[in-house]
Amino acid sequence: MTHRTIEQELALHGRTVVQTVGVSMEPLLHGRKSSVVLAAKQGPLQVRDVVLYRRPAGEYVLHRVVKVLDGAYLIRGDNCIGSETVPAAWVIGVMTGYFADEGDRYVSCDSPEYQNYLRTLELRRWLLWLRALPGRVWRRIRRTRR
């Protein structure tokens, strides 16, 4: 049995389904419980697109575009505070929908359910930032004492 890479699947079929790993896209996607439908990248991306990219070391990352730059994108997971600048050439595919929590129900990125999630995204990011603030302050205090 031959296994194809995600890039090969997208080149061959134009779309593929992959299971997510990790917590960076919670609460939308849950590691090893959610699957995403990816389409091959077709032109420039937009803010709020969820994209799969591959770092030079070979690791795949599924995060959201937060800003479009010249020849690159500022990308961050929904459950992350920090952002990463990703060259456009690293982007492999764009999420068109997902299956949440091992379910059979497909949610399209065009659906009202997903659009409602996007409306609360910025509020969720600020709540995440505030929740992490005490730990960041404590670490800064400890560093200055040394």
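This is a predicted model: local features need pLDDT of at least 70, side-chain atom pairs count only at pLDDT 80 or more; totals for chains, interfaces and linings use all residues.
**Entry 1: a word to start with**

I call a residue buried when its relative accessible area is under 20%, exposed when that area is over 50%, and partly exposed in between. By that rule Glu113, with a relative accessible area of 38%, is partly exposed.

**Entry 2: salt bridges**

I began with the charged side chains. Side chains of opposite charge can pair when their charged atoms come close. How many salt bridges does the structure hold? I found seven.

Glu113 forms a salt bridge with Arg105, and their closest N and O atoms are 2.9 Å apart. Arg105 has 52% relative accessibility, so I noted it as exposed.

Next I turned to Arg4. Which residue does Arg4 form a salt bridge with? The partner is Glu9, with 2.6 Å between the closest N and O atoms. Is Glu9 buried or exposed? Glu9 is buried, because its relative accessible area is 19% and the limit for buried is under 20%. Arg4, at 46% relative accessibility, counts as partly exposed.

**Entry 3: helix H3**

Then I moved along to helix H3, which covers residues 121–145. Glu122 and Arg125 both lie there, three residues apart, or about one turn of the helix. They form a salt bridge, with the closest N and O atoms 3.7 Å apart. Glu122 is partly exposed, at 43% relative accessibility. I also jotted down a network elsewhere in the list of salt bridges: Arg55, Glu59 and Glu84 are joined into one by bridges that share partners.

Leu123, Leu127 and Leu130 make a nonpolar surface patch of about 300 Å². Leu130 is found in helix H3, and I have it as partly exposed, at 47% relative accessibility.

**Entry 4: cysteines**

How many disulfides are there? I counted zero. Cys80 is in no disulfide, and the nearest cysteine sulfur, in Cys109, is 18 Å away.

**Entry 5: aromatic rings**

I kept the rings for last. A pair of aromatic rings is described by the distance of the centres and the angle of the planes. The structure holds four aromatic pairs. One of them is Phe99 with Tyr106, whose ring centres are 5.4 Å apart and whose planes stand at 55°.

Tyr114 and Tyr117 form a stacked pair, 6.4 Å centre to centre with 25° between the planes. These two tyrosines are three residues apart in helix H2 (residues 112–119), so about one helical turn separates them. Are they buried or exposed? Both Tyr114 and Tyr117 are buried.

Key:
Residues are numbered from 1 along each chain as its sequence is written. Side-chain values use heavy atoms; hydrogens and water are left out. A salt bridge is a side-chain nitrogen of Lys or Arg within 4 Å of a carboxyl oxygen of Asp or Glu. Buried means under 20% relative accessible area, exposed over 50%, partly exposed in between (1.4 Å probe, protein chains only). Helices (H or I, at least four residues) and strands (E, at least two) are DSSP runs, numbered from the N terminus. Patches are made of residues with over 30% relative accessible area and no salt bridge: like charges are joined within 9 Å, nonpolar side chains (Val, Leu, Ile, Met, Phe, Trp, Tyr) within 5 Å. Accessible areas come from the Shrake-Rupley method with a 1.4 Å probe; for residues, only the protein chains shown count as cover. A disulfide is a pair of cysteine sulfur atoms within 2.5 Å. Rings of Phe, Tyr and Trp (its six-membered ring) pair if their centres lie within 6.5 Å; planes under 30 degrees apart count as stacked, over 60 as edge-to-face and the rest as tilted.
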